Amino acid sequence: MTFLRRVLNGQALLWAIFGSVIGVAPRWVLDTVAGQPAPSDDAWFRGLGVMAVVLALLMLLVAQRLDDVWWWSWAFVVLEAGTATVFVLHVLFGLPEGASAWSWWLLACVNGAVGALDLVGLGLAAQEKPFA
């Protein structure tokens, strides 16, 4: 359980940082850092920031009660694998002309790696405390 708890805490930290930064300064993140064309309306990205911070809080709640609900971490595996897949497909098939691809590859790799760590943690947790 210790490994999965550490992964969830680290994952929550990453999501909280991302959510805080994109929520407070979406135009700076998109234009300056990521090299993406920013839409005229920041509300979607500010909302995304709020959702990311709430997601981080849920990760912390699961980590706190991990001995009882370790299998809830499968939701975070689906989250990370799904977002990594979306980002890779976006780079390969939907990237606007003139947009930078590195930020999408970085997000895909980070989400994929964290999802893999979640899987390792779940495997260890299942050995330590199996169903039945």
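Which residues does N111 touch, not counting residues up to four places away in sequence? In this predicted model, N111 touches W15, E80, T83, A84 and F87, where contact means heavy atoms within 4.5 Å. Local features need pLDDT of at least 70, side-chain atom pairs count only at pLDDT 80 or more, and totals for chains, interfaces and linings use all residues. Residues are numbered from 1 along each chain as its sequence is written, and side-chain values use heavy atoms, with hydrogens and water left out.

N111 lies in helix α6. Helices are DSSP runs (H or I, at least four residues), numbered from the N terminus. N111 is buried, at a relative accessible area of 8%; buried means under 20% (1.4 Å probe, protein chains only). Its side chain makes a polar contact with the side chain of T83 at 3.1 Å. A polar contact is a pair of N or O atoms within 3.5 Å; within protein, one must be able to donate a hydrogen and the other to accept it, and residues adjacent in sequence count only if both atoms are side-chain atoms.

The largest nonpolar core has 18 residues. Such a core is a set of buried Ala, Val, Leu, Ile, Met, Phe, Trp, Tyr and Cys residues joined through side-chain atoms within 4.5 Å. L4, L8, L66 and W70 have the most contacts inside this core. Helix α3 gives the most to it, with six residues. Beyond four places in sequence, L4 touches L66, W70, S73, D118, G121, L122 and A125.

In helix α2 (residues 26-33), P26, V29 and L30 are buried. Their cover includes α1 and α3. Just after α2, G35 takes a positive phi of about 65°.

Definitions and conventions:
Buried means under 20% relative accessible area, exposed over 50%, partly exposed in between (1.4 Å probe, protein chains only). Helices (H or I, at least four residues) and strands (E, at least two) are DSSP runs, numbered from the N terminus.
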